[in-house]
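Me: I have a new structure open and would like to go through it. Can you take a look with me?

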There are 2 protein chains.
Amino acid sequence: VIELHPITGIGEVAPGDDLAAILAEAIAGVGLVLQDGDVVVVTHKVVSKAEGALAPAEDDDAYRALVEREAVAILRRRHDLVIAETSHGFVCANAGVDRSNVTLGQAVLLPKDPDGSAHALRRRIGHITGKEVAVVITDTFGRAWRKGLSDVAIGVSGMPAIVDLRGTTDTQGRELHATEIAIADEVAAAADLAMGKATSVPAAIVRGLEFDGEGRAADLVRDPDEDLFR
Amino acid sequence: VIELHPITGIGEVAPGDDLAAILAEAIAGVGLVLQDGDVVVVTHKVVSKAEGALAPAEDDDAYRALVEREAVAILRRRHDLVIAETSHGFVCANAGVDRSNVTLGQAVLLPKDPDGSAHALRRRIGHITGKEVAVVITDTFGRAWRKGLSDVAIGVSGMPAIVDLRGTTDTQGRELHATEIAIADEVAAAADLAMGKATSVPAAIVRGLEFDGEGRAADLVRDPDEDLFR
């Protein structure tokens, strides 16, 4: 069985805060003891805040200018909505610049190096707790063709981002083709079920997931040259 | 806490089989007792097999013809890969026609009415077990922009497909815009973590999820006129 535990009790996070210590305290606060193999899932917003990835956005014009600055390419525009590619290669609304759940007049940006952030957070959690965990940093993205948003992985450390089942066979002995499962995105989506959205739960523990090896969220970025929809 | 339980012990499913009875038996077989509010997640492949949504595909040419027949629109082609819109409005590879985990010489199609299939399965499970469950039928889809596949909901009954948080406020009192969470897709992704891929586990129970109301997987289909990428 896999368990999805919401981590409540995490207050406002400010630039310079030790997020790993905050998480460790909150995890203890909900009565959990971290175990080797646990996946600590955290929304990028608290990571960005701890890293100081914030920018002033006192009005709509300043916000729009910030979106243009963070975008390396604009894929589509409609009214106020901009679908942009970020420096990381992610394609998302408003280049990941977000004004919700942040002090008025400010906007939160994506971490500069989310895989690096995940790696640092994992090491620091390991240092504090003595446990070998994985870390997934999430954001909430829209999708082409499907309505509604889903959480995805933008930073990964200590677990694979993609599980490649090519070369394995199905129940009939037929070789499975093109079966690369985006396991880190599925972890992000699962954790979001535990977090809820308007209730200020920015972290969850995914316990009992089996995996081998390590990857990065960068593995999930499709090369624009290989993307049939760019 | 939310729990993801794999339902093992489901053998080959054949046209005319009582899938609800098979699931109920397998659930009991893994030592679980269904509870009100459980979400029974099942891959469409066993649903399609039980419904007889199969077609002969004795060679690659026959398979390709089947894909063309099931597609109502072809969005992209590259080599053997066809990204197509199905009669349901889903956009996916090969119009959902799949030759893995099926008898050689056959292909499995998507159910004709997956929301109807989910509804019928839910009623029959309720009849057999006396429990009020929700049902999500899944398929494995690729995504634009991101590598790897993820399970999504193609049929939903007894729970919402989308949770609309518009009108609620964030921690700063700012109104949340455009926060429609594709909860049924997140349930599908979470359940896939429990199922694994090459191990023939076509069902899982998601236990402990809180939700209100009901929706359909059709709610997740973005109108082509509103889709910036068609």
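**A hairpin, then the interface**

Reply: In this predicted model, β4(A) and β5(A) make a hairpin that has two residues between the strands, and His79(A) in the turn has a positive phi of about 50 degrees.

Me: How many bridges pair β4(A) with β5(A), and in which sense do they run?

Reply: Six bridges pair β4(A) with β5(A), in the antiparallel sense. Within that pairing, Ala73(A) has Glu85(A) in β5(A) as its bridge partner.

Me: What about β4 and β5 of chain B?

Reply: In chain B, strand β4 (residues 71-78) and strand β5 (residues 81-86) are antiparallel and pair over six bridges. Ala73(B) has Glu85(B) in β5(B) as its bridge partner. The hairpin of β4(B) and β5(B) has two residues between the strands, and His79(B) takes a positive phi near 50 degrees there.

Me: OK, now the two chains. What rotation superposes chain A on chain B?

Reply: A rotation of 180 degrees does, with 0.0 Å of shift along its axis and an RMSD of 0.0 Å. The two copies are therefore related as by a two-fold rotation axis.

Me: How many residues of each chain are in contact?

Reply: On the chain A side there are 70 residues, in contact with 70 residues of chain B. Of the interface residues of chain A, 100% are also interface residues in chain B, so the copies meet through the same surface.

Me: And how much area do they bury?

Reply: Chain A and chain B bury about 6,300 Å² between them, with 58% of it on carbon and sulfur atoms.

Me: What polar links are there between the chains?

Reply: Between chain A and chain B, 26 residue pairs are in polar contact, counting pairs with both residues at pLDDT 80 or more.

Me: Which parts of chain A supply the side that touches chain B?

Reply: At least two residues each come from β1 (2-6), β4 (71-78), β5 (81-86), β8 (134-141), β9 (150-157), β11 (180-181) and α5 (183-195) of chain A. Of these, α5(A) gives the most, with nine residues. Sorted by class, the side of chain A that touches chain B has 34 nonpolar, 14 polar and 22 charged residues.

Me: Which strand of chain B does β1(A) join, and how?

Reply: β1(A) is joined by three bridges to strand β1 (residues 2-6) of chain B, and the two run antiparallel. Glu3(A) stands opposite Glu3(B) in β1(B).

Me: Back to salt bridges. How many are there over all chains?

Reply: A search of the whole structure finds 30. Among them is the pair Arg124(A) and Asp18(A), whose side chains meet at 2.5 Å, N to O.

Me: Why does that pair tie together parts of chain A that are 106 residues apart in sequence?

Reply: Because Arg124(A) lies in helix α4 (residues 114-129) of chain A, while Asp18(A) lies in the loop between β1 and α1 (19-29) of chain A.

Note on methods
Residues are numbered from 1 along each chain as its sequence is written. Chains are lettered from A and ligands numbered from 1 in the order in which they are written. Side-chain values use heavy atoms; hydrogens and water are left out. Contact means heavy atoms within 4.5 Å. Buried area is the accessible area (1.4 Å probe) that two parts lose on being put together, summed over both. A polar contact is a pair of N or O atoms within 3.5 Å; within protein, one must be able to donate a hydrogen and the other to accept it, and residues adjacent in sequence count only if both atoms are side-chain atoms. Helices (H or I, at least four residues) and strands (E, at least two) are DSSP runs, numbered from the N terminus. Ala, Val, Leu, Ile, Met, Phe, Trp, Tyr, Cys and Pro count as nonpolar, Asp, Glu, Lys and Arg as charged, and the others, Gly among them, as polar. Two strands pair if DSSP finds at least two bridges between them. Copies are superposed by least squares on the C-alpha atoms of residues with pLDDT of at least 70 in both. A salt bridge is a side-chain nitrogen of Lys or Arg within 4 Å of a carboxyl oxygen of Asp or Glu.
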